[in-house]
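Me: I would like to learn how to read a few features of a protein model. Could you take me through them one at a time?

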Amino acid sequence: MNDDAEQQHPTQANPGYAAGQLAAALRAAALHPDPATRRRGAERGRRWRAVLDGMANGLLTIGSRTPVAGLPAWVTPEVVRGGFATGEPSAGGPLLDHETAAARRAGVPATRRALFAHHLSDDGLARLQALLDSGRYEVTVPEEAALLTVAWLVRAGEPAAALDLVEELAPFADRLRFAPRPSDRPAPRPDAVHRSTVADARAALAARRPSTAVETQREALAVWQPFGDELLAHWLETTDEQGHIRVPGPADPWHGRSAALLRRYRDLARRHTYCTKHLRPKENLGVLRGALEETVAARELAPRRLGLLRHAVASMVRKRGLPGSAEHTALRRRQAAHAALPSHHALAGVVLDRLSGLPRDGGIDEVESVLAPVSEPEADRTGVPAGAVVPAAVRRPVEVALSAPVGTLLERGVVPSAEVLAELVPRIVAATTAGAHRDPALRSLAAANYRAFRNRRSLLLLDLQRQVRVEELPWVRAVAGRRDGSGADEAAARALRRLGGLAVRAFPGTVLPNPLVRELAVLGRQAELGAPFVEELAADIFMGAFTPKFLTAARIAAELLGGGSLYERYYAIDYAAVRDLAVVEAAESLRGSRGARTSAGFAALCRRRAAESAPGTGRSGSSVAGNGTVIEQAQILTTHNLATLVHRVGIDPGAGWDDLALRCFGTVCRRTGRVHRDPRPLGAVKDAAYAWRQMVFHLSLCPPDRQRRTLDRVAEECARQPWHVAGRLAPALTGLRQVLSGGQADDGAGRRLLGWSTGGHWLLEEPAPGPHERRAARRP
């Protein structure tokens, strides 16, 4: 995923990390039992070997925006884990099948430079313009949009701009593919997104195999229990009223039926192999069968065998009644109906057949018909009973492929987390950014380019360098002047309000993932709202510096929450001083020749607050935990984008700020519950503190009387939690009540809930068990 953020990394890229990744890949390639995993390990090994070779020979400068010698920043690099470039461009490599086919069709050599020249001919431009109009093309890496842009500029009467773009692309024409892939499908709907494709759903359904346990039970009910009834009825013919078994003489027809039963048994055992209970000699069915085999072999039943036979017959009759009785018949009818239910495997086959006619690379516009009960024609064709309902396990792969507006997907539970939402948002932002172009063909091309650009993986960058932005691509710059500013900023603002509100309402108490923050930032820049969005920084690579947008975000929080809000008082913030600091640094930036790359004042404020939050525990910033305390103070001061979304963007709280606060507390309780008996609980502590901070923020936007009522409801909810959750959260609730009453959070029994600590965290202290737990502990 591309990253608009300024990255914090160590001052030198560590080749030891790359060497370790290479060793792990080689181990997987050599030792893993799965062939596919071995192949993937070998490919990863090739890439990491290229990284190390490039670092050694100077062809790679890891940590730079231009890591590959000879390639400009706009070229999409192949990037492996950790942000290391391999030296290969993503749009490079051997010719793909569609390129070879294009060269053959044009009658030119199968080289990229020859194809590049052909695309600039009259015939080549005409083909590209036809693709533009049809929308039936794919852009998988941004470079594949370049020649389409040239074709559009030529048709729009801008040959000079087209020529400038061609001159910038030409030096790389032999290495990179600049033309799109033809597709059978038109461009996707701009308002619809999907988590997975029809191909993904088909693969998931095809991978379903019959359940051994289910098929064993089905076979027992449908095959072996009815056969056991036949054996029982056969032996009951030889049983008198006293329960004595008297085997008829050899001439009796009973012996002929016995032999037929045994032949059928052997046929059933050969065809039905899931259930093996009938093979056990001490089971009732095994006893009846064994006795019958001895009788058919003209051997007299030994006393022990006869005793076992009598016991088996008696217990079977006692347990289920005589075969043919009303009780026994009703039981077998119920069991037969249960055994006749179609398996998930069979129903998956029906749904798989329904998906066969849909385009594989897109989502499903309407899933209800795909998941309808089995029809009569389908029953005739597959043997699955008509009217059979598709179970949840089979429905799920289809439901996650639903193509619909993101709000619909949230309502249906298809988007379970903010991380999944972040995966979908780039498609929405692509449509919004492309909407600034009036020409439909250019609009579709811009959207396709943006979607491909958002698949570009972030580079490891040093010294607060910024990742490449989409507007830096030459073909995007070439048409930037054709954007229609009227209404575009308002469209971006509407999309920002909608997406920001969805994220806050759908996942209260959850950190906004960096990929989502980046997309919101793109919309914020387009909307020109002065809405800075800040990313979550990693404590293990934090170098102690913040870019100026962090101070800007803190100033926006000061505008919203300054003047004595609950949030300001709970976290002991002097928002007036934050505003003054922002004014001073803004003036200093104006006096300088260029804007400052860092905000020294904001960093100093965060360090000072971190030291005050954990006095006597060592110098903040000297360890990962120390870094975490500083970063957390930055999140507190900025509210980690909540104030920006509320004060600048104007998101809708839905049912109200108090409702959001209560839902955040539900997240707090769930996270706190994970602390109990967790051998590595610090992650849960940080998540609980983050959710708590969101709760305090939302509570601060309520009127004072609503704050008190909501806090009472929070306390009631806390009392309903398990003793270890309620006990751990009691000091935090006390501290919040103290602030609401005019005091401080850390007075007396109250505690301010923070996520990071350079010493032991008080939330990890085991609370006293409740009365019920104490009574349970005293029981022998």
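This is a predicted model: local features need pLDDT of at least 70, side-chain atom pairs count only at pLDDT 80 or more; totals for chains, interfaces and linings use all residues.

Me: How many salt bridges does the rule give?

Reply: The general idea first: side chains of opposite charge can pair when their charged atoms come close. The rule asks for a side-chain nitrogen of Lys or Arg within 4 Å of a carboxyl oxygen of Asp or Glu. Applied here, it gives 43 salt bridges.

Me: Which parts does the pair of Glu78 and Arg46 tie together?

Reply: Glu78 and Arg46 form a salt bridge with an N to O distance of 3.7 Å. Glu78 belongs to strand β1 (residues 77–80) and Arg46 to helix α2 (residues 35–57), so the pair links parts 32 residues apart in sequence. Helices (H or I, at least four residues) and strands (E, at least two) are DSSP runs, numbered from the N terminus.

Me: Is Glu78 buried or exposed?

Reply: Buried means under 20% relative accessible area, exposed means over 50%, and partly exposed lies in between (1.4 Å probe, protein chains only). Glu78 has 14% relative accessibility and counts as buried, while Arg46, with 35%, is partly exposed.

Me: Which parts does the pair of Glu472 and Arg65 tie together?

Reply: Here the salt bridge has an N to O distance of 2.8 Å between Glu472 and Arg65. Glu472 sits in the loop between α19 (440–453) and α20 (474–479), and Arg65 in the loop between α2 and β1, so this pair ties together parts 407 residues apart in sequence. Glu472 is partly exposed at 22% relative accessibility.

Me: And where do Arg728 and Glu766 lie?

Reply: Their closest N and O atoms are 3.1 Å apart, in a salt bridge. Arg728 lies in helix α32 (residues 723–740) and Glu766 in the loop between α32 and α33 (771–778), so the parts they tie together are 38 residues apart in sequence. Arg728 is buried, at 4% relative accessibility. Bridges can also share partners: Glu43, Arg46, Arg47 and Glu78 are joined into one network in this way.

Me: Now helix packing. At what angle do the axes of α9 and α10 cross?

Reply: Axes are lines fitted to C-alpha atoms, for helices over the stretch in contact, and angles run from 0 to 180 degrees between N-to-C directions. The axes of helix α9 (residues 212–236) and helix α10 (residues 253–271) cross at roughly 165° and come within 11 Å. That makes the two helices roughly antiparallel, a label for angles over 145 degrees.

Me: Which residues of α9 and α10 meet?

Reply: Contact means heavy atoms within 4.5 Å. Among them are Trp224, Phe227 and Leu231 in α9, and Leu261, Tyr265 and Leu268 in α10. The residues of this contact divide into 10 nonpolar, 2 polar and 3 charged; Ala, Val, Leu, Ile, Met, Phe, Trp, Tyr, Cys and Pro count as nonpolar, Asp, Glu, Lys and Arg as charged, and the others, Gly among them, as polar.

Me: How do α29 and α30 cross?

Reply: The axes of helix α29 (residues 657–673) and α30 come within 8 Å and cross at roughly 165°. So α29 is roughly antiparallel to α30. Their contact divides into 12 nonpolar, 4 polar and 2 charged residues.

Me: What does Arg693 touch?

Reply: Arg693 is placed in helix α30 (residues 682–700) and is buried at 5% relative accessibility. Leaving out residues up to four places away in sequence, Arg693 touches Tyr567, Tyr571, Glu632, Gln635 and Ile636.

Me: Last, backbone angles. What is the phi of Glu528?

Reply: Glu528 is not a glycine, yet its phi is positive, at about 55°. Glu528 sits in the loop between α22 (514–527) and α23 (548–561) and is exposed, with a relative accessible area of 66%. His640 also has a positive phi, near 45°. His640 lies in the loop between α27 (624–638) and α28 (642–649) and is buried at 1% relative accessibility.

Conventions: Residues are numbered from 1 along each chain as its sequence is written. Side-chain values use heavy atoms; hydrogens and water are left out. Angles under 35 degrees count as roughly parallel, over 145 as roughly antiparallel, 65 to 115 as roughly perpendicular and the rest as oblique.
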